[in-house]
Amino acid sequence: MFSQRPLSYAPTPYSYTPNTALSATISLDEEVKPFSSPAERDLYESLAEIYSIIITLDGLEKAYIKDAVTESEYTETCTRLLKQYRSILSDDTVATEFVDLDTFKRAWEMECPRATERLRIGLPATVEQPSHAISQNTATGPSASGSLILTATENFITFLDALKLNMLSKDALHPLLSEVIQSVNKVTEQDFENRGKIIQWLITLNQMRATEELSEEQARELAFEMEQAYQGFKATLN
């Protein structure tokens, strides 16, 4: 008796017939769209911009530490990147998907410690702590430029008035307080009374959502400390 040769394929209880109707609906030349809607495309383009800003900012911080860029170039570029970062996250849809910086970094396996710190503070290093190079262009006391002193004074008053008018949201206060510290730095680099409080409040505001508001208690504390900072600034002019 002849032994039966094993089949070279697994037997099936039925034969397969291709579905020509289904095959006809698939075109190999058809473009595969990565996004289901224009809104989804805009969302992921915004997230990609944030990713790019973080990488660029980290490189900028390293370059500044190594003196590979001038202070003016660093300040201008850093300020622009921080503004772009805040502007993109002012969109509620983007902010919801972003969650927060730590979550975003984990999702995209990013490190960038220098950019993380700069984004947390929300100010260029040259504004956070004025450098000697900046102070050489300005003079403290009676010889300081009258226009620079006037601008700094006006910015202090404008900020305090905003608090009195109950303007307590981040998007209202952060730009005004940024103008205060930048104008003050153009007059003096002295660490006057409560100057550090200006930086601390800028960091606090920077970590809030754009429409988030200070509590009444926070607003009173901020007004008190900024009034003290204003008096401390004026004391450096004597």
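Predicted model: local features only at pLDDT ≥ 70, side-chain atom pairs only at ≥ 80, totals over all residues.
Residues are numbered from 1 along each chain as its sequence is written, and side-chain values use heavy atoms, with hydrogens and water left out.

Let me begin with helix α6, residues 113-121, where helices are DSSP runs of H or I with at least four residues, strands are runs of E with at least two, and numbering goes from the N terminus. Two packed helices are described by the angle between their axes and the distance between the axes. The axes here are lines fitted to C-alpha atoms, for helices over the stretch in contact, with angles running from 0 to 180 degrees between N-to-C directions. Helix α2, residues 38-65, packs with α6 at an angle of about 100 degrees, the axes being 7 Å apart. The two helices are therefore roughly perpendicular to each other; in this scheme 65 to 115 degrees counts as roughly perpendicular, under 35 as roughly parallel, over 145 as roughly antiparallel and the rest as oblique.

Which residues make that contact? From α2 they are Ile54, Leu57, Asp58, Glu61, Lys62 and Ile65, and from α6 they are Pro113, Arg114, Ala115, Arg118 and Leu119, with contact meaning heavy atoms within 4.5 Å. By class, the contact of α2 with α6 has six nonpolar, no polar and five charged residues, where Ala, Val, Leu, Ile, Met, Phe, Trp, Tyr, Cys and Pro count as nonpolar, Asp, Glu, Lys and Arg as charged, and the others, Gly among them, as polar.

Helix α6 also packs with α11, again at an angle of about 100 degrees and with axes 7 Å apart, and that makes α6 roughly perpendicular to α11. In this contact, Leu119, Arg120 and Ile121 of α6 meet Leu202, Ile203 and Asn206 of α11, which divide into four nonpolar, one polar and one charged. The buried residues of α6 are Ala115, Thr116, Arg118, Leu119 and Ile121; buried means under 20% relative accessible area, exposed over 50% and partly exposed in between, with a 1.4 Å probe and protein chains only. These buried residues pack against α2, α3 (71-89), α5, α7 (125-128) and α11 (195-206). After α6 comes Gly122, with a positive phi near 80 degrees.

Staying with α11, I would point to Ile198 in that helix, which at 0% relative accessibility counts as buried. Leaving aside residues up to four places away in sequence, Ile198 touches Phe156, Leu177, Val180, Ile181, Phe192, Met226 and Ala229. Of these, Met226 is 28 residues from Ile198 in sequence and 7.0 Å from it in space, C-alpha to C-alpha.

A pair of aromatic rings is described by the distance of the centres and the angle of the planes. Rings of Phe, Tyr and Trp (its six-membered ring) pair if their centres lie within 6.5 Å, planes under 30 degrees apart counting as stacked, over 60 as edge-to-face and the rest as tilted. The structure holds eight aromatic pairs. Among them is the tilted pair of Phe98 and Phe104, at 5.0 Å centre to centre and 35 degrees between the planes. Phe98 is buried at a relative accessible area of 5%, and Phe104 is buried at 4%. The rings of Phe156 and Phe233 have centres 5.8 Å apart and planes at 35 degrees, so this pair is tilted. Since Phe156 lies in helix α9 (residues 146-164) and Phe233 in helix α12 (residues 216-235), the pair ties together parts that are 77 residues apart in sequence. Both Phe156 and Phe233 are buried. Ring pairs also link Tyr51, Tyr85, Phe98, Phe104 and Trp108 into a cluster.

Finally, two loops. Glu109, between α5 (101-107) and α6, has a positive phi near 55 degrees and is exposed, with a relative accessible area of 73%. Asn166, in the loop between α9 and α10, has a positive phi near 65 degrees and is exposed at 56%. Leu168 lies in the loop between α9 and α10 (170-185), but is buried, with a relative accessible area of 7%.
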